[in-house]
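Work through the exercises below with the structure open beside you. Try each task before reading its solution.

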Amino acid sequence: MAARIGPRAQGTDGSDFSHRERVAERYQMSAELKPRMKGVLYAQAACALACLALGLLVRFEYLFLAASLGYFVGISLCYSSLARNNALYIDLYGMSLSFFVVFPMVFELYSSLWSGVIEQFRVQRQAVAVVAILLSGYGMNVAKRLKATWTQKAKSG
């Protein structure tokens, strides 16, 4: 503990901090990405509710119901992985979004754009599908970066 009064140590001008330990970059990156991932999860929860509402409004549209199920499973997996830096749950989150959200929403966009039939809530369905695809892509990108920081080995030396 440093004394507040008395003589100062000789030979120090304040530039002798290079020997001190620093926080590793992977921990800094993890601390920066976790709040971003939580924000993505909240946006995905809102999108899941929109998918659920559209799925129930439009004669049990199974693609939107599958997307809302995929969102809820993925959100619960990812949220539980953030507390313990669990890379397996992050992988399962990415797979859940891929299979249950992105693929059904791409199929929904394809079928609604090229069918030529005017359906009920067509514009809303297309808008929710585009938002779901974009949110899933961004969430998977952040999850990939988080997994890379969690599985990174410490540099020796």
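**Exercise 1: A residue in a helix**

Arg125 sits in helix 4, which covers residues 122–150. The model is a predicted one.

Task: Decide whether Arg125 is buried or exposed.

Solution. Start with the relative accessible area of Arg125, which is 4%. Buried means under 20%. Arg125 is therefore buried. Now look at Phe64, 61 residues away from Arg125 along the chain. The C-alpha atoms of Arg125 and Phe64 are separated by 8.8 Å.

**Exercise 2: Two helix pairs**

Two packed helices are described by the angle between their axes and the distance between the axes.

Task: State how helix 2 and helix 3 are oriented to each other: roughly parallel or roughly antiparallel?

Solution. Helix 2 spans residues 62–84. Helix 2 and helix 3 pack at about 160 degrees, and their axes are 8 Å apart. Angles over 145 degrees count as roughly antiparallel. Helix 2 and helix 3 are therefore roughly antiparallel. Their crossing is left-handed. The residues of this contact of helix 2 with helix 3 divide into 19 nonpolar, 5 polar and 1 charged.

Task: State how helix 2 and helix 4 are oriented to each other: roughly parallel or roughly antiparallel?

Solution. The axes of helix 2 and helix 4 cross at roughly 25 degrees and come within 12 Å. Angles under 35 degrees count as roughly parallel. So helix 2 and helix 4 are roughly parallel to each other. Helix 2 passes helix 4 in a left-handed crossing.

**Exercise 3: Cysteines**

Task: Find how many disulfides the model has.

Solution. Take Cys47. The closest cysteine sulfur to that of Cys47 belongs to Cys51, 4.5 Å away. A disulfide needs the two sulfur atoms within 2.5 Å. Now check burial. Cys47 has a relative accessible area of 6%, so Cys47 is buried. Cys78 has a relative accessible area of 0%, so Cys78 is buried.

**Exercise 4: An aromatic pair**

Task: Find how many aromatic pairs there are, then classify the pair of Phe99 and Phe103 as stacked, edge-to-face or tilted.

Solution. The count comes to 1 aromatic pair. The ring centres of Phe99 and Phe103 are 5.8 Å apart, and their planes are at 50 degrees. Planes under 30 degrees apart count as stacked, over 60 as edge-to-face and the rest as tilted. The pair of Phe99 and Phe103 is therefore tilted. Both residues lie in helix 3 (residues 87–114). Phe99 and Phe103 are 4 residues apart, about one turn of the helix. Phe99 is exposed, and Phe103 is exposed too.

Methods
Residues are numbered from 1 along each chain as its sequence is written. This is a predicted model: local features need pLDDT of at least 70, side-chain atom pairs count only at pLDDT 80 or more; totals for chains, interfaces and linings use all residues. Side-chain values use heavy atoms; hydrogens and water are left out. Rings of Phe, Tyr and Trp (its six-membered ring) pair if their centres lie within 6.5 Å; planes under 30 degrees apart count as stacked, over 60 as edge-to-face and the rest as tilted. Helices (H or I, at least four residues) and strands (E, at least two) are DSSP runs, numbered from the N terminus. Buried means under 20% relative accessible area, exposed over 50%, partly exposed in between (1.4 Å probe, protein chains only). Axes are lines fitted to C-alpha atoms, for helices over the stretch in contact, and angles run from 0 to 180 degrees between N-to-C directions. Angles under 35 degrees count as roughly parallel, over 145 as roughly antiparallel, 65 to 115 as roughly perpendicular and the rest as oblique. A crossing is left-handed if the near helix is turned anticlockwise from the far one by less than a right angle, and right-handed if clockwise. Ala, Val, Leu, Ile, Met, Phe, Trp, Tyr, Cys and Pro count as nonpolar, Asp, Glu, Lys and Arg as charged, and the others, Gly among them, as polar.
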